[in-house]
Amino acid sequence: MPKITQLLFDCDNTLVLSEELAFEACAELSNEMLAKHNIADRYSGPDLMTTFVGQNFRGVVTGLQQKHGFKLSDSEVDEYVSRELGKVIETLEAKAEPCVGVMPVLEQLDKSKKYGMAVVSSSALSRVQASVKKVGQDKFFPKDHIFSAATSLPVPTTKPDPAIYLHACKVIGKEPGECVAVEDSRSGTLSAVRAGIPTVGYVGSYGGVIKQKEMAEVLKEAGAKVMMDDWSQFMDCMAQIEAA
């Protein structure tokens, strides 16, 4: 196995507790969309999060169209995506907090200089930048090493498409095997694994032991090499991957 020299972190609910805040905004616009097409179903933030965690809002819109049998024009999708982004950024700038225990680990990694560090997210770049800045994590990541499947690629996409991880590797100048990804969702784990990147599954942001165990199995099935439910376990996870 090549020497690991680069860490690639998902953002939402891996570095920053942002998914619940973001999906509340998603739900409001999703329900507006459904009402406009005379569809009676309605979603709460947690409803959408259960189904679409790890995907950006463009992915949510695509999924809703497929599930409920309606069609938006490209311009309508773009308008909804733009509106959602504004709502989410406003909320994150006011309320976002770091994931429990992540800050001391980032401080340790930054001090050691053993690995390069980057953020690889499905979310829009401005949203990711707002999140990491609000919680004081922007100092750990070079500005050009924050990547967004919604913004950084020629054609917007979302995880589980591996395109954003492959793009990040190319820009940073690393082979996938030289990297380790950290992901909290099935779609994110699949994205990293399909790109050929060994992946740590993180379930600490899920509420309750039962849900964490359930998600650990989901991430293992998606291809995560090792699991952690607390950031204090990260260095041990890295040791296991590097020893493989």
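**Close-up views of a predicted model**

**View 1. His145 lies in the loop between H6 and E5.** The model shown here and in the other views is predicted. His145 counts as buried because its relative accessible area is 17%, and the cut-off for buried is under 20%. Beyond its neighbours within four places in sequence, His145 contacts Met117, Ala118, Val119 and Ile172.

**View 2. Phe147 sits in strand E5, residues 146-148.** Phe147 is buried because its relative accessibility is 3%, and buried means under 20%. Setting aside neighbours within four places in sequence, Phe147 touches Ala118, Val119, Val120 and Ser121 among others. Its contacts also include Ser152, Ile164, His167, Ala168, Val171 and Ile172. Leu8 is 139 residues away from Phe147 in sequence. In space, the C-alpha atoms of Phe147 and Leu8 are 9.7 Å apart.

**View 3. Helix H6 spans residues 125-134 and has buried residues.** These are Arg127, Val128, Ala130, Ser131 and Val132. Which elements cover them? The cover includes strands E2 (16-17), E4 (116-121) and E5. Helices H1 and H4 (74-95) are also part of the cover. After H6 comes Gly136. Its phi is positive, near 80 degrees.

**View 4. Strand E6, residues 179-183, is mostly covered.** Five of its five residues are buried. In a regular strand, side chains alternate between the two faces of the sheet. Cys179, Ala181 and Glu183 point one way from E6. Val180 and Val182 point the other way. Residues on both sides are buried, Glu183 included.

**View 5. E6 pairs with strand E1 (residues 6-9) and with strand E7 (residues 199-202).** The pairing of E1 with E6 is parallel, over four bridges. Here Leu8 stands opposite Ala181 of E6. E6 and E7 are also parallel, over three bridges. On the E7 side, the bridge partner of Ala181 is Thr199. The chain passes from E6 through helix H8 (residues 186-194) to E7. This β-α-β crossover is right-handed.

**View 6. Strand E7 is covered on both faces.** Thr199 and Gly201 are buried on one side. Val200 and Tyr202 are buried on the other. E7 is joined to strand E8 (residues 226-228) by three bridges. The two strands run parallel. In E8, Met228 is the bridge partner of Tyr202. E7, H9 and E8 form a right-handed β-α-β unit.

**View 7. The largest pocket has a volume of about 440 Å³.** Its lining is made of 18 residues. Which of them are closest to the centre? They are Met49, Thr50, Thr51, Val53 and Tyr206. Helices H1 (19-36), H2 (45-52), H8 and H9 (209-222) each supply at least two lining residues. H2 gives the most, with five residues. By class, the lining has seven nonpolar, seven polar and four charged residues.

Definitions and conventions
Residues numbered from 1 in each chain as written. Predicted model: local features only at pLDDT ≥ 70, side-chain atom pairs only at ≥ 80, totals over all residues. Heavy atoms only, no water. Buried < 20%, exposed > 50% of the residue type's maximum accessible area, 1.4 Å probe, protein only. Pairing = 2+ DSSP bridges. Right-handed = clockwise from strand over helix to strand, strands pointing away. Contact = heavy atoms within 4.5 Å. 1 Å grid on protein atoms, 1.4 Å probe; cavity = no way out; pocket = protein on both sides within 12 Å on 5 of 7 lines; lining within 4 Å. Points joined across faces, edges and corners; volume = space filled by probe spheres on them. Nonpolar A, V, L, I, M, F, W, Y, C, P; charged D, E, K, R; others polar.
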